[in-house]
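Please look at the sequence and the structure together before reading on.

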Amino acid sequence: MSLKRKAADVAAAAEAKKPKNASITSFFGTVGAPKSSPASSSPAAPANTPIPQPATSKFNKDAWVAKLTEEQRNLLALEINTLHDSWLAHLKDEITSKEFLDLKRFLQREAEAGKTIFPPSKDVYSWSRHTPLNTVKAVILGQDPYHNVNQAHGLCFSVLPPTKPPPSLVNIYKALTVDYPDFSPPPNNSGLLTPWADRGVLLLNTCLTVRAHEANSHAGKGWERFTQKVIDTVSKTRTKGVVFLAWGNPAAKRVDKIRLPHVVLKSVHPSPLSASKGWFQCGHFKKTNAWLKEHHGEGSEIDWNLDVDPAVAGT
């Protein structure tokens, strides 16, 4: 396993990815032309050697925002203020589509009806800030966000401390221990996976929001199209190749069009309902690192250890 990341490195990376805005707007706060988010400057370098990628043209966020209608700026306040610019540059046409704006109108009606939505609005796009597009080495796909209090925070499978790891995450830890007997889980029996995200593992759910205590309540409203665009963006732009980890049939369907130079690793889902059918022996974590090392060289592997203080790791 690659060397453990020092706490100071984790803290620096987490600080570099925080939005510059002093406060993050709610889902539907009115905005003018906001200041550029952290992507306008170079993101902090991952702990391991980054995979080299071709340079991309600079995205003029202010000019793009200035061309939006007032309604679009209001509906897209969350995206403008909290979606990392490295992603926004590629997703800007998608989020101004009729389908996405209809999704935002649906979420607006949910909020106006007094519905509690998870994760909190500031965390809906935390995956984009912890893992800017140019740092993606691997992609893990989830489904619906956790729908209970103090769980979901925008990264699939991850839960906020002091919440204990849910059953699927416990099984992920067990599979990791099979691959790496010296694997270190998060301290205090927690389930925070932000260290992975900060090291280039994109932790993406199919749906990015859910109504409190109602599983799949925001399924089929438009998130699936958006997150497919995220997957397609990784496939298109990460031209040196990344590893897609698809656990369960729904995840496998999302990556069925992924081709070289990428690799797709498939397995049953780590849920207790299916894990006994081969999950613990899938070897995905060691296989991911073997592939990265073979295709991108020594030092490109992912440190899967999670023994980082939550206060240092950030959320």
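Between which strand and which helix does the loop that holds Phe157 lie? Phe157 is placed in the loop between strand E2 (138-142) and helix H8 (167-179). The model is a predicted one, and the values discussed here should be read with that in mind.

**Overall picture**

The protein chain has 13 helices and 6 strands. Of its 315 residues, 56% are buried. Where contacts join residues at least 6 apart in sequence, 75% of them link residues at least 24 apart. The accessible surface of the protein chain amounts to about 13600 Å², and carbon and sulfur atoms account for 53% of this area.

**Positive phi values**

Most residues other than glycine have a negative phi. Phe157, although it is not a glycine, has a positive phi of about 70°, and this residue is buried, because its relative accessible area of 9% falls under the 20% limit for that class. Asn189 is another residue other than glycine with a positive phi, here near 55°, and it sits in the loop between H8 and helix H9 (194-198). With a relative accessible area of 47%, Asn189 is classed as partly exposed, since that class lies between the 20% and 50% limits.

Most peptide bonds are trans.

|---|---|---|
| Phe118 and Pro119 | about -5° | Pro119: between strand E1 (117-118) and helix H7 (126-130) |
| Leu260 and Pro261 | about 15° | Pro261: between helix H11 (249-254) and strand E6 (263-267) |

**Cysteines and disulfides**

How many disulfides does the rule count? The count comes to 0 disulfides, where the rule asks for a pair of cysteine sulfur atoms within 2.5 Å.

Note on methods. Residues are numbered from 1 along each chain as its sequence is written. This is a predicted model: local features need pLDDT of at least 70, side-chain atom pairs count only at pLDDT 80 or more; totals for chains, interfaces and linings use all residues. Side-chain values use heavy atoms; hydrogens and water are left out. Helices (H or I, at least four residues) and strands (E, at least two) are DSSP runs, numbered from the N terminus. Buried means under 20% relative accessible area, exposed over 50%, partly exposed in between (1.4 Å probe, protein chains only). Contact means heavy atoms within 4.5 Å. Accessible areas come from the Shrake-Rupley method with a 1.4 Å probe; for residues, only the protein chains shown count as cover.
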